[in-house]
Amino acid sequence: MHSPKQPDKKESPFRAIGLVSAIGTDLALSVLGGVYLGKWADNHFGTSPAFLITGLFVGLAAGIYGMLLMIRRFQ
């Protein structure tokens, strides 16, 4: 008797689902953190949308960087 072929851990669909959800969470939290800090800085310094927009883009860049690192570790 031989046992059924076990799927390779690197090809597991659950691993892919975990990666996608981790990427989404990381990207969302990075953008929300940047927006929150930008709004706080705007309220503190009285510069209405300047820091909000800057925080949005910095958060987006940080999220994309984190996403690329996660994908690199996945492969």
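How many helices and strands does the secondary structure of the protein chain come to? It comes to two helices and zero strands, where helices (H or I, at least four residues) and strands (E, at least two) are DSSP runs numbered from the N terminus. This is a predicted model, in which local features need pLDDT of at least 70 and side-chain atom pairs count only at pLDDT 80 or more, while totals for chains, interfaces and linings use all residues. Residues are numbered from 1 along each chain as its sequence is written, and side-chain values use heavy atoms, with hydrogens and water left out.

**The whole chain**

- Of the 75 residues in the protein chain, 17% are buried; buried means under 20% relative accessible area, exposed means over 50%, and partly exposed is in between (1.4 Å probe, protein chains only).
- The accessible surface is about 6200 Å², and carbon and sulfur atoms hold 70% of it; such areas come from the Shrake-Rupley method with a 1.4 Å probe, and for residues only the protein chains shown count as cover.
- Among contacts with a separation of 6 or more, 57% join residues 24 or more positions apart; a contact means heavy atoms within 4.5 Å.

**Helix α2**

- The 25 residues of α2 should span 36 Å at 1.5 Å a residue, and the end C-alpha atoms are 36 Å apart, which agrees; the expected span is 1.5 Å times one less than the number of residues.
- G55, G59, G63, G66 and M70 are buried in α2, and the cover over the buried residues of this helix includes α1 (13–45).
- I53 lies in α2 (residues 50–74) and is partly exposed, because its relative accessible area is 44%.
- I53 also belongs to a nonpolar surface patch with L56, F57, L60, I64 and L68, which together have about 520 Å² of accessible area.
- Patches are made of residues with over 30% relative accessible area and no salt bridge, joining like charges within 9 Å and nonpolar side chains (Val, Leu, Ile, Met, Phe, Trp, Tyr) within 5 Å.

**Helix α1**

- L32 is found in α1 and counts as exposed because its relative accessibility is 55%.
- The C-alpha atoms of L32 and G55 are 8.9 Å apart, although 23 residues separate the two along the chain.
- D42, also in α1, is buried without a salt bridge, that is, a side-chain nitrogen of Lys or Arg within 4 Å of a carboxyl oxygen of Asp or Glu.
- The nearest side chain of opposite charge to D42 is K39, 8.6 Å away; Lys and Arg count as positive and Asp and Glu as negative, with His and the chain ends not counted.
- Beyond its neighbours within four places in sequence, D42 is in contact with T47, S48, P49, A50, F51 and L52.
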